[in-house]
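Me: I am new to this one and would like to learn how to read it. Could you walk me through some features, a step at a time?

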Amino acid sequence: MRGSESVDGGSAARSTRIHVVSDVHGNTEALARAGEGADALVCLGDLVLFLDYADHSRGIFPDLFGVENADRIVALRTARRYDEARAFGRELWAGRDRNAEILGAVRRQYAELFAAFPSPTYATYGNVDVPDLWPEYARPGTTVLDGERVEIGGRVFGFVGGGLKTPMNTPYEISDEEYAAKVEALGEVDVLCSHIPPDVPELTYDTVARRFERGSRALLEAIRSTRPRYALFGHVHQPLVRRMRIGATECVNVGHFASTGTPWALSW
């Protein structure tokens with residue numbers, strides 16, 4: 001380690017400073033400022049805002065169907081009445097080209113969001129992202145990684161994108177086996193970056209939604225066996241615990257950037 005290390009942006013001497021964000025969910029204005037004062041920005045996905053559970057007037061869904069219908073589908077999902085929510089969604093989409101309308105809306109968001117990324121940015125996908133579209137919008141200076149490693153300031157960062165299968169059926173959910181293969185491909189890293197957390201109850205429970213989100217057992221096993229300095233992730237917007245240590249690894253939920261607008265800082 002070169003110099004002293006600070007994880008809160010303090011006054012310790014440092015040669016490299018990284019800002020980390022996750023769950024941007026359409027907050028383009030804050031994203032454009034997120035790299036200020038840093039050598040690089042790391043983004044752990046969920047750029048798209050499909051539906052804001054705190055403000056039902058924001059996102060693709062209310063733009064297409066109105067706030068009243070957004071209120072209803074949020075209520076159904078929050079009550080875990082997923083079959084009813086899916087049936088209601090089918091009613092709303094009847095006679096409409098779902099794929100074309102959603103992709104058009106996602107493209108409009110991506111055009112603004114990718115333009116806001118500073119250079120350099122290292123990014124991976126969240127579970128609500130559409131990976132096939134990213135090559136169209138990622139500009140020079142933005143490096144997209146998934147199951148891959150990169151060196152930043154002399155440290156190795158490993159990236160694992162997407163989420164695991166859930167009843168929500170968001171765009172980039174994959175099988176446990178496929179996810180575990182991406183984690184294994186990283187090998188030993190200094191900083192393990194993922195969209196979803198390791199499968200630890202304190203890190204996966206959302207205190208506002210009052211439910212457990214899916215965490216990865218493969219991430220937890222990698223943390224225990226390879227002992228990275230840090231494991232950084234998002235996905236759970238209001239976690240029971242934002243930070244905890246697992247063995248030698250500091251596990252940090254880097255925040256619901258859509259609401260905070262503040263990146264998490266790592267410097268050394």
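Me: Which residues does Asp-206 touch, not counting residues up to four places away in sequence?

Reply: Happy to start there. This is a predicted model, in which local features need pLDDT of at least 70 and side-chain atom pairs count only at pLDDT 80 or more, while totals for chains, interfaces and linings use all residues. Residues are numbered from 1 along each chain as its sequence is written, and side-chain values use heavy atoms, with hydrogens and water left out. Contact means heavy atoms within 4.5 Å. By that rule, Asp-206 touches Arg-211, Val-236, His-237 and Gln-238.

Me: Where is Asp-206 placed?

Reply: Helices (H or I, at least four residues) and strands (E, at least two) are DSSP runs, numbered from the N terminus. Asp-206 belongs to strand E10, residues 205-206.

Me: Is Asp-206 buried or exposed?

Reply: Buried means under 20% relative accessible area, exposed means over 50%, and partly exposed lies in between (1.4 Å probe, protein chains only). For charges, Lys and Arg count as positive and Asp and Glu as negative, while His and the chain ends are not counted. A salt bridge is a side-chain nitrogen of Lys or Arg within 4 Å of a carboxyl oxygen of Asp or Glu. Asp-206 is buried and has no salt bridge; Arg-211 is the nearest side chain of opposite charge, 6.3 Å away.

Me: What does the side chain of Asp-206 reach?

Reply: A polar contact is a pair of N or O atoms within 3.5 Å; within protein, one must be able to donate a hydrogen and the other to accept it, and residues adjacent in sequence count only if both atoms are side-chain atoms. Here the Asp-206 side chain reaches the backbone nitrogen of Val-208 at 2.9 Å.

Me: With which residue does Arg-211 form a salt bridge?

Reply: The partner is Glu-213, with the closest N and O atoms 3.1 Å apart. Both Arg-211 and Glu-213 are buried.

Me: How many salt bridges are there by this rule?

Reply: The count comes to 13. One of them joins Arg-58 to Asp-52, where the closest N and O atoms are 2.6 Å apart. Arg-58 is partly exposed at 31% relative accessible area, whereas Asp-52 is buried at 15%. Another pairs the side chains of Arg-107 and Glu-136, at 2.5 Å from N to O. That pair links distant parts of the chain: Arg-107 sits in helix H5 and Glu-136 in helix H6 (residues 134-137), 29 residues apart. Arg-107 is partly exposed at 31%, and Glu-136 is partly exposed at 49%. Salt bridges can also form a network, as with Arg-243, Arg-245 and Glu-250.

Me: In what order do the five strands of the open sheet run?

Reply: Two strands pair if DSSP finds at least two bridges between them. The order is E4-E3-E2-E1-E15, with mixed pairing. Strand E4 (142-144) and strand E15 (264-267) are at the edges with a single partner strand each, so one side of each has no neighbour in the sheet. For angles, axes are lines fitted to C-alpha atoms, for helices over the stretch in contact, and angles run from 0 to 180 degrees between N-to-C directions. The twist from one strand to the next averages 20 degrees. Within the sheet, E2 and E3 pair in the parallel sense over three bridges, and Leu-41 has Thr-121 in E3 as its bridge partner.

Me: What should I look at in the backbone?

Reply: Pro-120 lies in the loop between helix H5 (98-116) and strand E3 (121-123). Then look at phi: Asp-46 has a positive value near 60 degrees and is not a glycine. Asp-46 is in the loop between strand E2 (40-43) and helix H2 (60-65), and counts as buried at 3% relative accessibility. Arg-80, also not a glycine, has a positive phi of about 60 degrees. Arg-80 is in the loop between helix H3 (67-78) and helix H4 (82-93), and is partly exposed at 43%.

Me: Where is Gly-158 found?

Reply: Look in strand E6, residues 155-160. Gly-158 is buried, with a relative accessible area of 0%. Its C-alpha atom is 5.9 Å from that of Leu-186, 28 residues apart along the chain.
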